[in-house]
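Please read the points below with the sequence and the structure open beside you. They are notes for a first reading, in plain order.

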Amino acid sequence: MHNESPARVLVVDDDPTVAEVVAGYLGRAGFAVDRAADGPAALELAAAVRPDLVLLDLMLPGMDGLEVCRRLRAEGPVPVIMLTARGDEEDRILGLEIGADDYVTKPFSPRELVLRAEAVLRRARSRAEVPPPAPALRAAGIVLDPVARQATKDGAALALTLREFDLLAFLLRHPGRACGREELMHKVWGWEFGDLSTVTVHVRRLRAKIEDDPARPRFIRTVWGVGYRFDAGAGAGAAAEDGSEAAAGARGGEAGTDA
């Protein structure tokens with residue numbers, strides 16, 4: 001962090017004990033911290049102080065964290081880490097799809113939260129640097145434009161979420177190579193640690209949008225014991241291989257042995 005200007009973090013949680021502990025750890029780590037106990041107060045404070053990062057509880061009274069996140073991201077690209085007590089996978093995925101950069105499930109280690117905050121801020125700063133123009137990626141009838149953030153298949157627009165777009169872009173850049181779930185989590189999500197089932201769910205959703213038959217994927221193929229491989233020249237006779245994908249994701253699959 002820059003010594004002359006500490007990063008400003010907005011902590012949004014209606015539990016005063018949690019907010020106080022989190023704010024204390026962030027303060028000792030060198031962050032400037034603001035606190036809000038509900039959605040409207042968070043939005044008002046964010047408009048006033050322009051935080052560099054928002055730590056946002058999913059379960060807020062009145063306006064929930066998902067709606068707060070939507071409104072925050074509508075105003076600008078502020079990084080958001082969701083704090084959630086929910087164990088439901090779909091809630092976590094929904095938070096990521098509407099723009100959250102990371103999530104932490106309660107109860108959590110405050111020190112881990114600080115490390116995640118620092119990692120998200122590093123990624124945000126690197127994204128702020130203007131990259132050179134990237135050429136369009138083309139394979140299997142798919143055309144993906146990294147600059148315009150648009151993708152089509154056989155000329156039809158693909159309605160991809162932020163993470164689905166980034167995942168497809170990574171796979172298109174590495175055709176024919178087996179990519180481990182841990183590698184995808186690190187390279188696509190930018191996470192050094194996290195729930196590998198997040199990758200499984202996003203692959204399943206991406207298959208539903210680009211495969212003719214998601215149950216018999218031709219392009220995003222499962223490499224058992226490793227992760228996934230994009231086969232740009234796959235034929236129509238690919239064997240079914242996604243039938244037990246959800247079950248594998250629920251138990252971590254073979255992700256623990258990802259290369």
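1. Which residue is the bridge partner of Thr-152 in strand 9? The partner is Ala-157. This is a predicted model, and the pairing belongs to strand 8, residues 150–153, and strand 9, which are joined by two bridges and run antiparallel.

2. As background, the strands of a sheet pair through backbone hydrogen bonds, in either a parallel or an antiparallel way.

3. The largest nonpolar core has 53 residues. Within this core, the residues that touch the most other members are Leu-56, Met-82, Leu-168, Leu-184 and Phe-230. Helix 6 supplies the largest share of the core, with seven residues.

4. What does Phe-230 touch, leaving aside its neighbours within four places in sequence? Its contacts are Ala-139, Ile-142, Leu-168, Leu-171, Leu-172, Pro-175, Gly-176, Ile-210, Phe-219 and Ile-220.

5. Strand 12 covers residues 227–230 and is joined by two bridges to strand 10, residues 179–180, in an antiparallel arrangement. One of the pairings there is Cys-179 with Tyr-228 of strand 12. Strand 12 also pairs with strand 11, residues 220–223, in the antiparallel sense over four bridges. In this second pairing, Arg-221 stands opposite Arg-229. Strand 11 and strand 12 form a hairpin with three residues between the strands, and Gly-225 in that hairpin takes a positive phi near 85°.

6. Now consider a pair of helices. Two packed helices are described by the angle between their axes and by the distance between the axes. For helix 2 (residues 39–49) and helix 3 (residues 65–75), the angle is about 20° and the axes are 10 Å apart. Angles under 35 degrees count as roughly parallel, and the two helices are therefore roughly parallel to each other. The residues that make the contact are Gly-39, Leu-43 and Ala-46 from helix 2, and Val-68, Arg-71 and Leu-72 from helix 3. Helix 2 passes helix 3 in a right-handed crossing.

7. Is Gly-65 buried or exposed? Gly-65, which is found in helix 3, has a relative accessible area of 0%; buried means under 20%, so Gly-65 is buried. Not counting residues up to four places away in sequence, Gly-65 touches Leu-56, Asp-57, Leu-58, Leu-60 and Met-82. Between Gly-65 and Val-12 there are 8.7 Å in space, C-alpha to C-alpha, although the two are 53 residues apart in sequence.

8. Some totals for the chain follow. The secondary structure comes to nine helices and 12 strands. Of the 259 residues, 47% are buried. Among contacts with a separation of 6 or more, 57% are between residues 24 or more positions apart.

Notes: Residues numbered from 1 in each chain as written. Predicted model: local features only at pLDDT ≥ 70, side-chain atom pairs only at ≥ 80, totals over all residues. Heavy atoms only, no water. Pairing = 2+ DSSP bridges. Core = buried A, V, L, I, M, F, W, Y, C linked by side-chain atoms within 4.5 Å. Buried < 20%, exposed > 50% of the residue type's maximum accessible area, 1.4 Å probe, protein only. Contact = heavy atoms within 4.5 Å. Axes fitted to C-alpha atoms, helices over the stretch in contact; angles between N-to-C directions. Parallel < 35°, antiparallel > 145°, perpendicular 65-115°, else oblique. Left-handed = near helix turned anticlockwise from the far one by under 90°.
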